[in-house]
Amino acid sequence: MWVAGELATLGREDLTDAARLGVSELVTNAILHATPPISVRLGGTPVHPRVEVHDSSAAPPAIRDMSDDARLLATVGRGLGIVAMYSTTWGAEVSPHGKIVWFEPASEDHLPDDEVPGDVYDLTGVIDDLLGQAGEPQERVRIRLLGMPVRVFAHYRLWYEELRRELRLLSLNHGTEYPVARELSELTLQVEQQRRQARGVERLDAAITSDDDRADLAYDVPAAAPATMGRLRQVLEDADEFCREQRLLTPAPTPQLLSLRDWYLGEFVRQGAGEEPLPWPGGYVVEDASARA
């Protein structure tokens, strides 16, 4: 199994049995109850490796009865009960596009005595709650993004979502060990809330859907957004260093994506301070992954 080989490469053969059981159950559940594509990934760090199964169903997972009788009678589809028995922590993140069910396999010498409760996280629901408490912003500022590289930004968005989720899980399970993960996780909620309050962002989504290569955009954002984006730029730079030091198992961003991040977030800061917009200075063709730093 691919996951077992990767764990062996990390020197974590002690996690192999739990990982095999968990992957078998999660993939079986995805085949029975979800829709393709289904993929298996390895995330986290060498100290805290995490196995993930991605599928296209937005339905949250549920633990079935794993009493002694149920264990004897069940042959397939035993749900997350097996995962909860052979993990130090597990959970799921649900979005309108599908879900990711993840777990950190327990070592042979540290299997839990009981099923470990999981964390099911719905970012859309969290932001809906925050918006309901905040109400409409009283003041807005205009941010113009000239020559936005649409296809490059689509790749940036995927990278950012992966990093956001990766660090949220590290923060959730090992926050005291990884304080920058906790800080970024808290900040991204504020960023997403302000994005939902902005006007004009649908133009970028339409350009991505239409497969345009560039677009001139104008956003009317909450007055606090430039400061939030400036803080996000600083925290992401701290996260870059953290990711290098902790050797995250998720891929690093390309230099092109880092350049786009600096320009994109920088435009919010500059224009929030009253400066004129500067167009994107880079290219419009997505760099190959071999160009990663």
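Mentor: Start at Ser-39, which stands opposite His-54 in β2. The model is predicted, so local features need pLDDT of at least 70 and side-chain atom pairs count only at pLDDT 80 or more, whereas totals for chains, interfaces and linings use all residues. Residues are numbered from 1 along each chain as its sequence is written, and side-chain values use heavy atoms, with hydrogens and water left out.

β1 and β2 pair in the antiparallel sense over six bridges (pairing requires at least two DSSP bridges between two strands; strands are DSSP runs of E, at least two residues, and helices runs of H or I, at least four, numbered from the N terminus). The two belong to an open sheet of five strands, ordered β1-β2-β4-β3-β5, with mixed pairing. β1 (39-44) and β5 (119-122) are the edge strands, each with a single partner, so one side of each has no neighbour in the sheet. On average, neighbouring strands of this sheet are turned by 20° against each other, direction ignored.

Now take β4, residues 98-105. Strand β2 (residues 49-55) is antiparallel to β4 and joined to it by five bridges; Val-53 has Val-101 of β4 as its bridge partner. Strand β3 (residues 87-95) is also antiparallel to β4, joined by eight bridges, and Thr-89 stands opposite Glu-104 in β4. Two residues lie between β3 and β4, which form a hairpin. Eight of the eight residues of β4 are buried (under 20% relative accessible area; over 50% is exposed and anything in between partly exposed, with a 1.4 Å probe and protein chains only). Both faces of β4 are covered: one side has Gly-98, Ile-100, Trp-102 and Glu-104, and the other has Lys-99, Val-101, Phe-103 and Pro-105.

Helix α6 lies across β1, β2, β3, β4 and β5 and runs at about 40° to β4 (axes are lines fitted to C-alpha atoms, for helices over the stretch in contact, with angles from 0 to 180 degrees between N-to-C directions). Val-150 is part of α6, residues 150-174. Its relative accessibility is 1%, so Val-150 counts as buried. Beyond its neighbours within four places in sequence, Val-150 is in contact with Leu-204, Ala-207, Ile-208, Asp-212, Asp-213, Arg-214 and Ala-215 (heavy atoms within 4.5 Å). Asp-216 is 66 residues from Val-150 along the chain, and their C-alpha atoms are separated by 9.8 Å.

α6 also meets helix α9 (residues 225-246): their axes come within 12 Å and cross at roughly 70°. α6 and α9 are therefore roughly perpendicular (65 to 115 degrees; under 35 is roughly parallel, over 145 roughly antiparallel, and the rest oblique). On the α6 side, the residues are Tyr-156, Tyr-160, Leu-163, Leu-167 and Leu-170, and they meet Leu-232, Leu-236, Ala-239, Phe-242 and Cys-243 in α9. By class, the contact of α6 with α9 has ten nonpolar residues, no polar and no charged ones (Ala, Val, Leu, Ile, Met, Phe, Trp, Tyr, Cys and Pro are nonpolar; Asp, Glu, Lys and Arg charged; the others, Gly among them, polar).
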